[in-house]
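Work through the exercises below with the sequence and the model open. Each task is followed by a solution in steps.

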Amino acid sequence: MLRYIAKRFLIMLVTILIIVTLTFILMHAIPGSPFNQERGTSEAVQANLEAHYHLDEPMYMQYLLYLKSIVTFDFGPSIKQPTSTVNDLLGRGFPISLELGLVSVIVAIISGILLGIIAALRHNGVIDYAAMAIAVLGISIPNFILATQLIQSFAVTWQILPAATWSSPKHMILPVIALATGPMAIIARLTRSSMLEVLTQDYIKMARAKGLSPWKIVFKHALKNALMPVVTILGTLLAGILTGTFVLEKIFAIPGMGKYFVESINNRDYPVIMGTTVFYSAFLIIMLFLVDIAYGILDPRIKLHKKEAE
């Protein structure tokens with residue numbers, strides 16, 4: 001197990017290094033500098049600013065300096081917000097983005113599993129068709145389009161819910177619905193198909209023959225094995241939800257990392273762009289690793305043999 005963890009840890013480090021390198025190359029491949037948009041700034045002042053942020057150094061030196069900042073977890077000051085460091089922006093924005101992402105993940109998992117179970121138990125019935133129709137719509141509609149429709153309906157037309165900011169539980173409802181609907185639909189379809197397969201297994205027939213209640217059969221015996229495909233894609237869904245918050249945060253004016261990240265791209269704020277990219281990459285890779293561990297816990301048949309660990 002320790003060898004497996006060490007191997008995965010090395011793979012995570014290599015993956016993060018590749019992401020850092022590609023981000024660095026792409027950012028510096030764009031012509032000009034972040035100070036070209038400053039009006040009324042002389043060339044001497046621009047040169048001093050570039051020297052202050054080490055943008056006048058050779059590319060390899062800038063790259064080494066940035067690797068050092070990653071190791072020390074000190075991403076330096078923001079170019080466009082010099083009074084704040086990248087760490088400050090992460091400290092302000094990430095908790096809000098994480099809250100939005102986690103609430104959306106919980107809503108997507110619970111609603112998706114329940115919808116899939118109900119559809120499987122009412123197979124080829126009206127409830128099954130209605131549940132799968134909802135799932136198809138959830139997969140087909142992008143979350144940013146759904147977000148605009150929710151704002152138009154619930155905030156503008158009916159004026160039931162607030163449309164923007166992040167100051168009360170009411171402000172969470174619309175962005176959570178917009179963010180959780182797509183993953184919920186995927187989980188519902190997977191749960192339904194997996195549950196239909198599990199319900200035909202011999203041990204389920206034996207449980208029915210013993211006279212166990214249908215809900216006890218489902219939640220005690222069938223659900224654990226039916227969730228295996230869901231657990232397999234949780235890492236991908238989690239990555240999609242957490243990165244999808246960037247767009248929705250901009251739409252709903254939520255002061256999370258999406259706000260700073262989009263503004264940093266528009267302003268070519270290199271430290272914020274690369275600091276956010278590294279932070280989120282590391283976070284998502286760790287989540288994928290934890291999903292692999294959870295997969296092994298849920299299915300005792302999955303073992304880490306010595307041959308696999310080496």
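## Exercise 1: the salt bridge

The structure, a predicted model, holds 1 salt bridge.

Task: Find which residue forms a salt bridge with R192, and decide whether R192 is buried or exposed.

Solution. 
- Step 1. A salt bridge requires a side-chain nitrogen of Lys or Arg within 4 Å of a carboxyl oxygen of Asp or Glu. R192 meets this with D128, as their closest N and O atoms are 2.7 Å apart.
- Step 2. R192 belongs to helix 7 and D128 to helix 5 (residues 126-140), so the pair ties together parts that are 64 residues apart in sequence.
- Step 3. Buried means under 20% relative accessible area. R192 has 17% relative accessibility and therefore counts as buried.
- Step 4. D128 has a relative accessible area of 1%, so D128 is buried too.

## Exercise 2: a serine in helix 7

Task: State where S194 is found, classify S194 as buried or exposed, and list what S194 touches, leaving out residues up to four places away in sequence.

Solution. 
- Step 1. S194 is found in helix 7, which covers residues 170-198.
- Step 2. The relative accessibility of S194 is 8%; because buried means under 20%, S194 counts as buried.
- Step 3. With residues up to four places away in sequence set aside, S194 touches N225, A226 and P229.

## Exercise 3: the nonpolar patch

Task: Name the residues of the nonpolar patch on the surface, and find which helix gives the most to the patch.

Solution. 
- Step 1. The patch is formed by I106, I110, L114, I118, I127, W215 and F219, and together these residues have about 670 Å² of accessible area.
- Step 2. At least two patch residues come from each of helix 4 (86-121) and helix 9 (214-226).
- Step 3. Helix 4 gives the most, with 4 residues.
- Step 4. L114 is found in helix 4. Its relative accessibility is 40%, and so L114 counts as partly exposed.

## Exercise 4: the largest pocket

Solution. 
- Step 1. Helix 1 (2-29), helix 3 (59-71) and helix 12 (270-298) each supply at least two lining residues.

Methods:
Residues are numbered from 1 along each chain as its sequence is written. This is a predicted model: local features need pLDDT of at least 70, side-chain atom pairs count only at pLDDT 80 or more; totals for chains, interfaces and linings use all residues. Side-chain values use heavy atoms; hydrogens and water are left out. Patches are made of residues with over 30% relative accessible area and no salt bridge: like charges are joined within 9 Å, nonpolar side chains (Val, Leu, Ile, Met, Phe, Trp, Tyr) within 5 Å. Accessible areas come from the Shrake-Rupley method with a 1.4 Å probe; for residues, only the protein chains shown count as cover. Buried means under 20% relative accessible area, exposed over 50%, partly exposed in between (1.4 Å probe, protein chains only). Contact means heavy atoms within 4.5 Å.
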